[in-house]
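Please keep the sequence and the structure in view while reading.

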Amino acid sequence: MNIIEEKETTYQNECLALLPLKNVVILPKSIIPIIVGREQSIKAVEYAVKHAKTIFITAQKVSTVEQPTENDLFQIGTRATIIQVMRMPNNALKILAEGICRARATKMTTSDEGFILVDYQDLPTPNIEKTIEIEAIWRQIQTFYASYAKLNEKVPADLLSVAKNIEDIDCLTDTIAVHLANLSLNERQEVLELADLETRMLRVASLLKKEIEIIKTEQRIKGYIQNQVEKNQKEYYLTEQIKAIQKELGREDQFAEVTQLKEKVKTLGLPKEVQEKADKELMRLEQMPNLSSEAVISRHYLDWIISLPWNKKSEDSISLAQAEKILEKSHAKLTKAKERIIEFLAAKKHSAHSEKATIICLVGPPGVGKTSLAQAISKSLEREFVRISLGGIRDEAEIRGHRRTYIGALPGKIIQAMRKVKVTNPVILLDEIDKMSRDSHGDPSAALLEVLDPEQNKGFVDHFLDSEYDLSNVMFIATANHMEGIPYALLDRMEIISLSGYTEIEKIEIARQFLIPKKLKEYNLKNSQIKISDEIFSTLICEYTKESGVRQLERLIAKFMRKTIQQILKEKAPKSLVVTQALVKEWLGQAKFKKTSLDTNKLNNIGLATGLAWTEFGGDMLEIETTVVPGKGSVTLTGQLGEIMQESAQAALTYIRSRAKELGLKNSFSSNKDIHIHIPEGATPKDGPSAGITMCGALISSLTKVPLKPNLAMTGEITLRGRVLAVGGLKEKLLAAKQYKISTVLVPKENYDDIQEFIKDLGNELEIIYVETMDEVIKHTFSNHKFSQAIVAEEKNNKKKISKTTKSK
């Protein structure tokens with residue numbers, strides 16, 4: 001029932017002024033001093049003094065409110081009498097108020113002077129009579145209070161002896177609650193709101209019992225601390241005596257230090273061999289002069305032993321769903337890498353001993369997320385993570401450490417990493433493992449063989465520790481840009497997960513899902529304040545960046561954010577700034593990486609062929625130009641070609657010589673003509689066998705004066721017999737062909753299975769023709785020409801001969 005709707009009253013009087021209190025509850029029959037400082041409270045007291053000195057006192061629900069309203073106050077309070085009023089120097093009032101009776105505010109109104117007036121209803125104790133239950137509860141309260149009085153000397157011990165009738169019990173129940181000094185505001189208000197005597201007595205008994213238990217616990221803790229202090233005092237006394245002896249010998253500081261080191265070594269639970277070495281070093285340290293160089297070395301060694309984790313492990317949290325969620329949230333695509341990581345976690349969850357020391361090597365171009373993927377693995381396992389950069393390391397001691405005989409000797413990077421993480425089963429990232437080198441100081445990659453071998457790393461020996469250290473619980477993850485830079489023996493110990501560069505579509509998706517939200521949060525912008533279309537992203541990716549990853553793209557997006565903030569601060573930007581091509585040119589300048597137009601897409605371009613190339617930044621088109629001039633049969637290769645590419649050109653030329661008759665060439669064509677093969681962009685080194693069939697096609701075109709079909713590109717290695725062998729980087733190459741609007745691509749048939757893994761990303765615009773021999777290449781690139789038809793006819797004849805031979809057998 002709502003308080004205001006109640007009509008039945010026990011006692012009704014005229015309106016009283018309301019005095020709100022902070023963190024104070026006044027109970028009936030209690031007298032408390034109150035400092036009144038707020039203006040509306042002072043006016044309420046002055047009003048009450050003029051009207052029979054009676055006032056309604058209640059507590060605020062929240063003490064921080066300075067101008068409380070009806071909703072900020074408890075409706076049940078106390079009708080009180082003001083016994084004394086004293087004005088203080090700061091215009092505040094100090095009053096002495098005595099609680100008369102519980103009362104409930106039925107209506108609150110604000111007076112003209114700003115304080116609250118209340119209509120109230122007194123709440124006397126109902127049905128007050130001494131029953132068996134009340135008598136039993138009272139006896140229990142007496143017992144509790146007697147115990148409480150013994151524990152707390154500040155409360156009167158004979159308080160309850162004055163109880164002669166039920167009215168006294170009613171009054172004393174409230175008085176006991178007043179003497180419980182540590183009750184909270186809500187607990188005191190609860191006692192005030194309990195008008196029923198029996199219920200109130202039970203609650204007070206409960207609070208009294210709770211306070212007794214708290215005081216006993218405090219005393220027990222105090223006693224324990226006192227005993228510890230006495231014990232420590234005894235130890236301190238004996239230690240001081242020993243110190244005095246050591247002081248006489250001049251070895252005071254050293255003794256304290258050795259004692260401290262011994263205590264630390266005892267608690268580590270070291271392996272037997274390490275414990276023996278540590279004890280031996282401690283004995284030596286005791287006998288050495290404090291400032292000797294040998295003592296410094298021993299102290300340094302013991303510090304490292306103590307600071308390393310020997311038995312402490314972090315608990316793996318293996319949840320496949322959580323791991324998938326973390327990997328998807330942190331990285332777009334990289335499907336194969338994610339699948340292998342989930343496989344590892346599944347095996348780990350199924351058996352605690354499986355995949356115990358798996359070593360993963362993430363190989364891919366810069367910026368594709370190798371390092372952050374390793375961090376995501378650590379996060380999904382809830383393991384500690386530490387990164388060791390191996391780029392440029394050329395000394396074996398960087399891995400195995402220096403021997404202690406050297407001044408300033410330190411353990412290797414592996415042991416330093418273990419000290420940093422403080423657990424024996426972290427995830428250690430060996431970054432840029434392909435960038436190590438070697439010199440006269442040894443080969444660091446050879447030292448890593450023991451570290452990355454699951455059969456050996458249980459007993460890894462660092463030269464500084466000169467003891468075995470268990471690395472079998474460590475999960476090692478290595479990263480590299482090229483597998484060619486990793487020694488075979490080291491490569492054999494790792495499972496390779498290749499991360500290819502992102503396609504244009506993938507980069508746009510990454511920018512939408514990851515980079516834009518990240519930069520919006522970093523620069524405190526809203527999604528509605530900047531709009532970047534897919535067309536703008538495509539422009540940034542193709543014309544302003546040249547990379548496999550998204551680092552440069554992320555920097556450009558950050559620049560857009562800063563430009564947007566600049567426009568907002570200048571108050572020139574609308575609520576939503578749309579990035580246009582004009583703004584891109586204004587902010588970033590002219591395009592840095594423009595697409596070069598392909599001359600091979602035009603008709604009648606004799607001696608020109610389009611190849612496909614793989615670079616660290618993704619796929620690219622490769623124009624090959626050939627020219628035949630009268631001469632003495634020399635072959636010139638220009639465009640900064642590598643040895644393998646030069647050999648491919650020689651193989652292509654030899655193949656053409658072997659097919660001179662079918663191609664309509666004289667057998668002496670190579671002796672009276674000079675051939676020049678050139679690949680543009682001469683400042684860029686080029687190498688690899690995949691341009692073999694392209695150079696062969698360009699040479700045939702130049703020698704026969706027949707152009708290749710337009711909008712056609714090719715890639716493949718050629719042999720002397722004209723076979724077309726498989727090549728790598730097909731995904732990047734075919735995506736580049738699609739980007740340059742090539743309609744037909746010739747690829748080795750041996751690469752068919754590789755292409756099926758990503759053929760969905762290519763769409764339907766690209767026609768892929770799989771070839772096994774150079775004859776097939778000629779058939780598709782020079783269709784409807786005499787030599788092409790001759791080669792096709794010869795191919796048919798060869799097939800018939802083979803068929804007849806098979807039947808005769």
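The points below treat salt bridges, charged surface patches and cysteines in turn.

The model is predicted. It holds 30 salt bridges and zero disulfides. Its surface carries a negative patch that includes Glu-273 and a positive patch that includes Lys-521.

**Salt bridges**

- Side chains of opposite charge can pair when their charged atoms come close.
- Arg-139 is exposed, at 53% relative accessible area, whereas Glu-135 is partly exposed, at 22%.
- Glu-396 is paired with Arg-400, and the closest N and O atoms of this salt bridge are 3.4 Å apart. Glu-396 is partly exposed, with a relative accessible area of 26%. Arg-400 is buried, because its relative accessible area of 15% falls under the 20% limit for that class.
- Arg-493 forms a salt bridge with Asp-453, the closest N and O atoms being 3.4 Å apart. Arg-493 lies in the loop between α15 (488-491) and β13 (495-498), and Asp-453 in the loop between α14 (444-451) and β10 (460-461); the pair therefore ties together parts that are 40 residues apart in sequence. Arg-493 is partly exposed, at 25% relative accessibility, while Asp-453 is buried, at 12%.

**Charged surface patches**

- The negative patch consists of Glu-273, Glu-276, Asp-279 and Glu-468. Helix α7 (residues 272-287) supplies the largest share of this patch, namely three residues.
- Glu-273 is located in helix α7. Glu-273 is partly exposed, with a relative accessible area of 40%; this value is over the 30% that a patch residue requires.
- The positive patch brings together Lys-325, Lys-329, Lys-379 and Lys-521 on the surface. Lys-521 belongs to helix α16 (residues 504-522) and is exposed, at 74% relative accessibility.

**Cysteines**

- How many disulfides does the structure hold? The number is zero.
- Cys-171 is partly exposed, with a relative accessible area of 26%.
- Cys-542 counts as buried, at 14% relative accessibility.

Terms used:
Residues numbered from 1 in each chain as written. Predicted model: local features only at pLDDT ≥ 70, side-chain atom pairs only at ≥ 80, totals over all residues. Heavy atoms only, no water. Patch = residues over 30% accessible without salt bridge, like charges linked within 9 Å, V, L, I, M, F, W, Y side chains within 5 Å. Areas by Shrake-Rupley, 256 points an atom, 1.4 Å probe, with all protein chains shown as cover. Salt bridge = Lys/Arg side-chain N within 4 Å of Asp/Glu carboxyl O. Lys, Arg positive; Asp, Glu negative; His and termini not counted. Charge placed at Lys NZ, Arg CZ, Asp CG, Glu CD. Helix = DSSP H or I, 4+ residues; strand = E, 2+ residues; numbered from the N terminus. Buried < 20%, exposed > 50% of the residue type's maximum accessible area, 1.4 Å probe, protein only. Disulfide = S-S within 2.5 Å.
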